[in-house]
Amino acid sequence: MPFREINSKMVEATVAPGQRMFSQRGAMLAYTGDVTFTPNTAGGQGGVMAMLGRRAAGEAAPLMTVEGSGTVLFGHGGHHVQVIRLSGETLYVEADRLLAFDGTLEQGTMFMGSQGGVMGMVRGQVTGQGLFTTTLKGHGAVAVMAHGGVIELPIAPGRPVHVDPQAYVAHHGDVRNKLSTALGWRDMVGRGSGEAFQLELSGSGAVYVQASEEKL
């Protein structure tokens, strides 16, 4: 169920009989045809455990199940919308950033401590993801929200990417990430001491970075 980008803040999705998609509550702007929107209590393809993971993380991102036949326009809060297309890989993204996604994708949660122990949990707090982050895996499309536009940066073996944690949006692929302090470097280039960390992503995949350090 591909998304068509209307402009930088709005996407259109075609809903077909026998298919479904999920959207953040309040994301529907308009629709045509015979389309229904019902609150989702099963946490998408990930089931109850995915829903419990989001609640444990304190993420207030209730989903709506979208079904029927027609087209739907999605947008939320005037945020920039970025469409990410997956071809079997896993996308890691904060639940609050999800605007809408294909129902064919398997949804789950990942404990941040499983990627870096204590520093992984610290990374979750710095990036705004909390102790858990949402995963989407399979073939399909995801529309995520960000501030001020998004750029996709490729991650290749031997060429890690360093990202300001506040500007991090999502990543996919076989990627390892770690949080390191950069107090001296930040102060040297005139940035505030509050930006005391940098996120290093290495491996093979891509990271999405927003053009702002403002959280949603």
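## Strand pairing around β5

Strand β4 (residues 28-39) runs antiparallel to β5, and 11 bridges join the two. Two strands count as paired if DSSP finds at least two bridges between them. Strands (E, at least two residues) are DSSP runs, numbered from the N terminus.

β5 spans residues 63-74. Strand β2 (residues 10-15) also pairs with β5, antiparallel, through 5 bridges. Here Val-15 has Gly-70 as its bridge partner. β3 pairs with β5 as well, again antiparallel, over 5 bridges. In that pairing, Phe-22 faces Thr-65.

## Basis of the model

This is a predicted model: local features need pLDDT of at least 70, side-chain atom pairs count only at pLDDT 80 or more, and totals for chains, interfaces and linings use all residues. Residues are numbered from 1 along each chain as its sequence is written, and side-chain values use heavy atoms, with hydrogens and water left out.

## Thr-65 in β5

Thr-65 sits in strand β5. Its relative accessible area is 7%, so Thr-65 is buried. Buried means under 20% relative accessible area, exposed means over 50%, and partly exposed lies in between (1.4 Å probe, protein chains only).

Which residues does Thr-65 touch, not counting residues up to four places away in sequence? They are Arg-20, Met-21, Phe-22, Thr-36, Phe-37, Thr-38 and Asn-40. Contact here means heavy atoms within 4.5 Å.

## The Phe-22 and Phe-101 rings

The structure holds 2 aromatic pairs. In one of them, Phe-22 and Phe-101 have ring centres 5.5 Å apart and planes at 35°, so the pair is tilted. Rings of Phe, Tyr and Trp (its six-membered ring) pair if their centres lie within 6.5 Å; planes under 30 degrees apart count as stacked, over 60 as edge-to-face and the rest as tilted.

This pair links distant parts of the chain. Phe-22 belongs to strand β3 (residues 20-24) and Phe-101 to strand β7 (residues 98-102), 79 residues apart. Both Phe-22 and Phe-101 are buried.

## Salt bridges

How many salt bridges does the structure hold? There are 2. A salt bridge is a side-chain nitrogen of Lys or Arg within 4 Å of a carboxyl oxygen of Asp or Glu.

Arg-4 and Glu-12 form one of them, at 3.1 Å from N to O. Arg-4 has 47% relative accessibility, so this residue counts as partly exposed. Arg-97 and Glu-94 also meet in a salt bridge, at 3.7 Å from N to O. Arg-97 and Glu-94 are both buried.

How values were computed
Helix = DSSP H or I, 4+ residues; strand = E, 2+ residues; numbered from the N terminus.
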